[in-house]
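The exercises below are meant for someone meeting this structure for the first time. Try each task with the structure in view before reading the solution that follows it.

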Amino acid sequence: MRKKWSSTAAAISLTIALTACTPNVGESTSGENKSAEQSNADGKKLTLWVFAEPHKRFFEAVKEDFKKKQPDVTVEINLMEGTALVDKYLVISKSGGDGAPDLIDIEQGQFPKFIRGDIPFVPLNDYLKKDNLTEVMSKGRQALYTMNDKQYGIEHAATASALYYRKDLFDKAGINIAELKTWDQFTEQAKKLVGDKHFIFPGNSTTKTGGDQTYFELFIKQEGGDIVTKDGQPGFNTPEGQTALKRMYAWKKDGIMDKNYYDGPAYWDQFKKGNYIAAFGPDWWVNLLADNAPELEGKWAAVPMPLGGPKSVPTTVWGGTGLMISKFSKNKELAWEFLKLAQLTPENSVKRFQIVNLFPALLTSVKEKGLHEQSKYTKYFSGQDLGELYGKLVAVAPNQNQAWWRTLFADAWNKYRFELEEGKLTPEQFLQKVDDELKQLIKKNEAAG
């Protein structure tokens with residue numbers, strides 16, 4: 001998951017983004033007619049690779065449920081370092097598949113590495129259709145693992161983003177955030193709380209993260225655009241992209257957003273001091289805030305993100321991890337049964353939420369009681385039912401499209417970012433230069449094979 005708020009956020013990122021559902025959607029249509037492979041599973045083994053310890057804990061819990069259904073199947077869950085997992089599977093997939101797992105967790109930012117040429121995962125469309133599960137996941141989240149209309153993974157988390165704000169300070173200033181439906185309205189009111197070293201939002205401008213690239217990607221998705229078009233072409237030099245970038249730089253000019261960036265404890269100190277009094281991000285950001293600034297408990301509230309342009313939606317998405325079946329698995333039907341149990345049942349969506357504390361992307365689960373119970377995080381937000389908020393947002397979560405070259409975008413961005421930050425380029429000029437540079441990088445990469 002491409003999360004760039006802090007080193008802590010980066011670690012959390014590796015753990016891991018509506019309510020009216022069709023009756024009985026998600027029930028298997030296969031009934032008691034098990035496949036020959038399932039009926040003769042004696043002595044069979046499933047191997048699952050994961051890169052995040054919380055995910056391993058979740059899958060260990062799912063393994064116990066799976067054992068009740070398939071008592072003769074052994075499930076081995078291997079925790080690996082993230083880069084090592086990706087590199088190892090890349091080598092395996094290019095050398096015949098020997099040693100491949102049956103199931104593998106792939107972080108969405110790593111997925112583009114596998115989609116140039118023969119994709120080494122099993123398309124899940126037929127499995128989903130067979131078990132009447134085609135419509136149960138948030139379409140925006142599933143776009144992360146979809147190529148040419150084929151779905152290769154099932155997302156763990158909604159990562160639907162909200163606007164979080166210091167309700168005590170906004171209330172004291174007479175600002176009712178819930179009434180501010182657009183970013184323009186929010187910006188105008190927020191100016192009342194800006195002062196020397198006091199901002200509304202933290203900045204995101206480290207060299208490591210590529211300047212404001214992360215924020216830009218969040219806001220262009222909210223506006224209905226993306227870095228990649230649905231047909232796999234560069235798609236950011238658009239009115240949606242210009243809207244997103246102009247807003248960010250207007251915020252910096254007006255002091256709404258800090259031009260500086262702090263990492264680690266220094267980042268959270270800015271919140272504790274009241275220098276940052278709002279933020280936007282998914283549920284994992286709430287976890288970080290509560291864990292790193294516990295003294296601010298009871299002072300925060302959350303609402304949908306204000307709207308921008310005509311295609312804007314009240315949320316964006318940040319990160320993701322999909323569970324996939326290896327094309328080299330010798331037990332694909334069993335792997336599907338495990339994947340379905342883990343990712344596509346409301347009861348295990350609740351279990352994941354309780355273990356990993358990430359709201360699910362499974363639409364059939366959003367009304368589950370376990371997603372709306374009080375916790376340390378809802379207590380931090382004065383008892384607000386955050387599950388209700390995320391449940392509404394995940395249904396309208398925007399797409400993030402994939403292309404093999406997506407990671408090259410950062411290289412193109414970094415080439416001109418300082419000229420933008422120094423005011424030597426307008427947002428329009430900057431996006432054009434990045435667009436031209438990215439297309440050149442794509443051509444060079446293609447020529448190099």
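## Exercise 1: Helices H3 and H13

Helix H3 (residues 53-69) and H13 have axes that come within 10 Å of each other and cross at roughly 120°. The model is a predicted one. Task: decide how H3 is oriented to H13, and find which residues of H3 meet which residues of H13.

Solution. Begin with the angle: angles of 65 to 115 degrees count as roughly perpendicular and those over 145 as roughly antiparallel, and the crossing at roughly 120° therefore makes H3 oblique to H13. Next comes the handedness, and here H3 passes H13 in a right-handed crossing. Then turn to the side of H3, where Phe58, Phe59, Val62, Lys63, Asp65, Phe66 and Lys69 take part, and to the side of H13, where they meet Leu334, Glu337, Phe338, Leu341, Ala342 and Gln343. Sorted by class, this contact of H3 with H13 holds 8 nonpolar, 1 polar and 4 charged residues.

## Exercise 2: Helices H9 and H10

Task: describe how helix H9 (residues 213-222) packs with helix H10 (residues 239-254), and state the handedness of the crossing in which H9 passes H10.

Solution. The axes of H9 and H10 lie 8 Å apart, and the packing angle is about 130°; H9 and H10 are therefore oblique to each other. The crossing in which H9 passes H10 is right-handed. The contact is built from Tyr215, Phe216, Phe219, Ile220 and Gln222 on H9, together with Glu240, Gly241, Ala244, Leu245, Arg247, Met248 and Trp251 on H10. Counted by class, the contact of H9 with H10 contains 8 nonpolar, 2 polar and 2 charged residues.

## Exercise 3: The nonpolar cores

Task: name the residues that touch the most other members of the largest nonpolar core, and find the helix that gives the largest share of this core.

Solution. The largest nonpolar core has 117 residues, of which Phe186, Phe201, Phe216, Trp285, Phe338 and Leu344 touch the most other members. The largest share of this core, 7 residues, is supplied by helix H13 (residues 332-343). Another core lies apart from it and has 22 residues, including Ala52, Val86, Ile104 and Tyr145.

## Exercise 4: Buried or exposed?

Task: decide whether Gln151 is buried or exposed, do likewise for Pro265, and then find which residues of helix H16 are buried.

Solution. Gln151 is placed in strand S5 (residues 150-151). Its relative accessible area is 16%, and because buried means under 20%, Gln151 is buried. With neighbours within four places in sequence left aside, Gln151 is in contact with Val122, Pro123, Leu124, Asn125, Leu128, Gln142, Tyr145 and Thr146.

Pro265, found in helix H11 (residues 265-272), has a relative accessible area of 65% and is exposed. Its C-alpha atom is separated by 7.9 Å from that of Asn292, which is 27 residues apart from Pro265 along the chain.

Helix H16 (residues 386-394) is mostly covered, with 7 of its 9 residues buried. These buried residues are Leu386, Gly387, Leu389, Tyr390, Gly391, Leu393 and Val394, and they pack against strand S7 (162-166), helix H12 (283-292), strand S9 (300-303) and helix H15 (376-380).

Key:
Residues are numbered from 1 along each chain as its sequence is written. This is a predicted model: local features need pLDDT of at least 70, side-chain atom pairs count only at pLDDT 80 or more; totals for chains, interfaces and linings use all residues. Side-chain values use heavy atoms; hydrogens and water are left out. Axes are lines fitted to C-alpha atoms, for helices over the stretch in contact, and angles run from 0 to 180 degrees between N-to-C directions. Helices (H or I, at least four residues) and strands (E, at least two) are DSSP runs, numbered from the N terminus. Angles under 35 degrees count as roughly parallel, over 145 as roughly antiparallel, 65 to 115 as roughly perpendicular and the rest as oblique. A crossing is left-handed if the near helix is turned anticlockwise from the far one by less than a right angle, and right-handed if clockwise. Contact means heavy atoms within 4.5 Å. Ala, Val, Leu, Ile, Met, Phe, Trp, Tyr, Cys and Pro count as nonpolar, Asp, Glu, Lys and Arg as charged, and the others, Gly among them, as polar. A nonpolar core is a set of buried Ala, Val, Leu, Ile, Met, Phe, Trp, Tyr and Cys residues joined through side-chain atoms within 4.5 Å. Buried means under 20% relative accessible area, exposed over 50%, partly exposed in between (1.4 Å probe, protein chains only).
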